[in-house]
Amino acid sequence: MNIEALENSLYELIVETSTNLPKDVRRAIRKAKAQENAGTRAAMSLATITQNIQMADEKVSPICQDTGLPTFKIKTPVGVNQLEISAAVKRAMVRATKDGKMRPNSVDSITGENSGDNLGEGLPVIKYEQWEKDDIDIRLILKGGGCENKNIQYSLPCELDGLGRAGRDLDGIRKCIMHSVYQAQGQGCSAGFIGVGIGGDRSSGYDLAKAQLFRSADDVNPNEDLRKLEEYVMDHANELGIGTMGFGGETTLLGCKVGVMHRIPASFFVSVAYNCWAFRRLGITVGAESGEIQEWLYQEGEKISFDENQAETPDEKPEVVRLTAPISEEQIRSLKVGDVVQIDGMMYTGRDAIHKYLSDNDSPVDLNGQVIYHCGPVMLKDEEGNWHVKAAGPTTSIREEPYQGDIMKRFGIRAVIGKGGMGPKTLKALEEHGGVYLNAIGGAAQYYADCIQGVEGVDLMQFGVPEAMWHLRVEGFTAVVTMDSHGNSLHKDVDQSSLEKLSRFKEKVFS
């Protein structure tokens, strides 16, 4: 095999997967956008999403800054050296990371040290099968942490909020799937896709669920029972009213694929792998001798191009409140849930490591009146030593719930930007301190990178590029107030209303 050519093919696969959504996913997003009501926060979000898809395509830059945990599924003919393929995968991954197409995401679980090149124990994940064909089939999925954290596994029988008892039958499985969509809310960057694995043990069930995400969004399940189940979920999950980013709306789920395997009598698992709208999954077939790409997979049909006319927001646009950091308490108190804001000035990134650090240490910068952005950007340094932002969308905020309220009070922070909302502790602190939570559009990493006018500095680089505190100068950074200083939370309201709607699906459907 020509190993150099194989490495180049793998590099191209990684770059395309990170920067260019496949055609079946684009079709699903276009359909969702057409169904949304004009002038709503959900419509604005979908317009931003389609604009972001087009920008990533044109710039050949990551669609989302969280390029996730890379999982390769590779089928090889008998006799092909899989060790050589694994080595080529790793070299291609290092190249793609160095070129800013992948964020360095591999962290030592004990020390917390970031390897910087996406390699480490067990990473990237590479799974092999042998088959009778003569070429090599290589498929890659980049699944980010926000949606990965919304995966869920049920052990039947069980009791489910809003749905009651789920038994060991097809109807119990139906209830689990509907509940999995409800529990994700907007934290997994809805509208999303789900893969479901029925049976197996705990580990094989999750493997089967993730394997369903490698199916085409347009395929039809050959198993009649599973086909009916998939259709039922797609017909009814969008009635929950969770909507894009959890803002409410007509589209919560873009795809549902279900697989089944045998189990032992004592165990009955239903495993659900949730994937965000930025469904980065592609594949190639490669010549076993040449190492060159023969065919791209998931690219059937017309490519949907979201040009400026298609991506623009509806004629009826929400009014925008302009804010310049540092922001006063009076300005914050004037905001209410549902307001759309645009921020100018400075903001400072802070994820898990930063929040833990600030809970025990002084801040390296004055944060009074400032904005913290829950973001782990993709960054590149030029030959002069200057940093440039390649992708900068929000990360899921709920992980910072133990720290956020205390840190805001301690340092005088007025606004927090993230995705998916936060809990009661933060909501109480916003009311007491005079703060606000702003929900940015998850996955829109190019849209927000375009708002960043410059990198003014960086602190705490010992935590690695994604976890460092980046000082970003922004202009026109758009987000929605979803938790205000008056005790109101859109996330709490949508959770309660969607739970009420979920209860409508309590009665038996499949006998």
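A residue counts as exposed when its relative accessible area is over 50%, so D360, at 56% relative accessibility, is exposed. Keep that cut-off in mind as you look around this structure, which is a predicted model. Its mean pLDDT is 95, and 98% of the residues reach 70 or more.

**Confidence**

- One stretch calls for care: over residues 311-315, pLDDT stays under 50.
- For residues 311-315 the model has 11 contacts beyond four places in sequence.
- Where pLDDT is low, the predicted coordinates should not be read in detail.

**Helix pairs**

Two packed helices are described by the angle between their axes and the distance between the axes.

*α2 with α3*

- Helix α2 covers residues 23-35 and helix α3 covers residues 41-59; their axes are 10 Å apart and the packing angle is about 150°.
- With an angle over 145 degrees counting as roughly antiparallel, α2 and α3 are therefore roughly antiparallel to each other.
- The crossing of these two helices, α2 and α3, is left-handed.
- On the α2 side, R26, I29, A32 and K33 make the contact, while α3 brings L46, A47, I49, T50, I53 and D57.
- By type, the residues in this contact of α2 with α3 are 6 nonpolar, 1 polar and 3 charged.

*α12 with α13*

- Helix α12 (residues 404-411) and helix α13 (residues 424-433) have axes that come within 8 Å and cross at roughly 20°.
- Because angles under 35 degrees count as roughly parallel, α12 is roughly parallel to α13.
- The crossing of α12 and α13 is right-handed.
- From α12, the contact uses Q404, G405, D406, M408 and K409; from α13, it uses K425, T426, A429, L430, E432 and H433.
- The contact residues of α12 and α13 split into 3 nonpolar, 4 polar and 4 charged.

*α6 with α15*

- The axes of α6 and helix α15 (residues 490-502) cross at roughly 170° and come within 10 Å.
- That angle makes α6 and α15 roughly antiparallel to each other.
- In α6, the residues M178, H179 and Y182 meet D495, S498, L499 and L502 of α15.
- The contact of α6 with α15 comprises 4 nonpolar, 2 polar and 1 charged residues.

**Exposed residues and their partners across the sequence**

- K31 sits in helix α2 and counts as exposed, with 55% relative accessibility.
- The C-alpha atoms of K31 and T251 are 9.5 Å apart in space, although these residues are 220 residues apart in sequence.
- D360 is in the loop between α11 (352-358) and β14 (371-373).
- Between D360 and I407 there are 9.8 Å in space, C-alpha to C-alpha, and the two are 47 residues apart in sequence.

**A buried strand residue**

- N275 belongs to strand β9, which runs over residues 269-275.
- The relative accessible area of N275 is 0%, so this residue is buried.
- Leaving aside residues up to four places away in sequence, N275 touches I141, K143, C147, G192, F193 and L213.

**Backbone features to look for**

Most residues other than glycine have a negative phi, and most peptide bonds are trans. The sites below depart from that pattern.

- The peptide bond joining S190 and A191 is cis, with omega about 5°.
- A191 is part of the loop between α6 (170-184) and β7 (192-198).
- Another cis peptide bond runs from A325 to P326, where omega is near 5°.
- P326 is located in the loop between β12 (320-324) and α10 (329-333).
- M245 is not a glycine, yet its phi is positive, at about 65°.
- M245 is found in the loop between α8 (224-236) and β8 (253-260), and at 1% relative accessibility M245 counts as buried.
- Y298 also has a positive phi of about 65° without being a glycine.
- Y298 lies in the loop between β11 (293-297) and α9 (308-311), and its relative accessible area of 5% makes Y298 buried.

How values were computed: Residues numbered from 1 in each chain as written. Predicted model: local features only at pLDDT ≥ 70, side-chain atom pairs only at ≥ 80, totals over all residues. Heavy atoms only, no water. Axes fitted to C-alpha atoms, helices over the stretch in contact; angles between N-to-C directions. Helix = DSSP H or I, 4+ residues; strand = E, 2+ residues; numbered from the N terminus. Parallel < 35°, antiparallel > 145°, perpendicular 65-115°, else oblique. Left-handed = near helix turned anticlockwise from the far one by under 90°. Contact = heavy atoms within 4.5 Å. Nonpolar A, V, L, I, M, F, W, Y, C, P; charged D, E, K, R; others polar. pLDDT = per-residue confidence, 0-100. Buried < 20%, exposed > 50% of the residue type's maximum accessible area, 1.4 Å probe, protein only.
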